[in-house]
Amino acid sequence: MNLIEHKAIGNEIVTVELPAAFDPGWNRLPGLKVDGRCISVDPDEYFFRFESHTWLVADWKLVKSELLPAEETAASAVEQMALDFIKRYAVSTSDPARVLSTAYQVYTYLFRDEHLPTLGLPQVTPDHLRMLREAATLMALNKVELDGHISNVGPCWFFPAATSVVFGLDDSVGAMLDEIYHGGWFNEYRRIESIKAHAALGGRLVHGCQSVPDQTGGVVAPYGASMAVFRDELSEFKAGWIEQVYAHRVTDEA
């Protein structure tokens, strides 16, 4: 059954060149073409739901110089600092390539190798961090509105399903990466890093999972978005779309 809810008419193919090559396995997902550092996204084929053509972004260099060094105080929580920064510097863009470029900078910073020695998860490798950087970059095209309505949904919303298709991961490794993606690396210092860094994408990282990864995914949502509406919408549509993502899984590459 075709569960694409909105096939936008006249959407141009988005092409962006990023600093590092992406895994060719991304070509297994509809609407994505990867050729080294060049990534093309056909919105008509890629998105399950594509209702909003704008995103909120802030200049990453400004985030690095103004927000990352800022220290939380008793009078100003880090979340308030991030919200104030977004209000001051974020702009609306209709250029998905700009979103992807910004997201790659955000996740190159968050999932950097220097964290590995203190992570306490010896099974996590630099290659896993590369996978996280790539998948999270594409997830930045997903979008949630202030009223909690989920307006843009692509395959990377369903993190373990998408990574199993692209990288050939089994479910346990996919779930492990999913936890690292939205778990702040299980450390408050890194959670604070995440809050600050995601200001470049106009919000904070939220996810729909409960106590364990259950394919409910994550998205950078604007501060103030209704999480109740977000939760209810997600529960309605996720099962059918997860099935469609898994349909592209390669089980035997002869």
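**Strand pairing and packing in a predicted model**

User: In β8, which residue is the bridge partner of Arg49?

Analyst: Val153 in β8 is the bridge partner of Arg49. The model discussed here is predicted.

User: What makes β4 and β8 a strand pair?

Analyst: A pair requires at least two bridges found by DSSP.

User: Why are β4 and β7 called edge strands?

Analyst: The open sheet has the order β4-β8-β7, with antiparallel pairing. β4 (49-50) and β7 (143-144) each pair on one side only. Helix α10 (residues 227-246) lies across β4, β7 and β8, at about 30° to β8.

User: How do you know that β1 pairs with β3?

Analyst: Four bridges join β1 to β3 (residues 38-41), whereas at least two are needed, so the two strands count as paired. Thr15, for instance, has Ser40 in β3 as its bridge partner. The open sheet they belong to has three strands in the order β1-β3-β2.

User: What packs on the sheet, touching β1 and β3?

Analyst: Helix α4 (residues 96-110) does, and its direction makes about 35° with that of β1.

User: What makes the 83 residues a nonpolar core?

Analyst: Members must be buried residues of the nonpolar set, joined through side-chain atoms within 4.5 Å. The largest such core has 83 residues, and Trp26, Tyr107, Trp157, Phe158 and Tyr181 have the most contacts inside it. The element giving the most to this core is α4, with eight residues.

How values were computed. Residues numbered from 1 in each chain as written. Predicted model: local features only at pLDDT ≥ 70, side-chain atom pairs only at ≥ 80, totals over all residues. Heavy atoms only, no water. Helix = DSSP H or I, 4+ residues; strand = E, 2+ residues; numbered from the N terminus. Contact = heavy atoms within 4.5 Å. Axes fitted to C-alpha atoms, helices over the stretch in contact; angles between N-to-C directions. Buried < 20%, exposed > 50% of the residue type's maximum accessible area, 1.4 Å probe, protein only.
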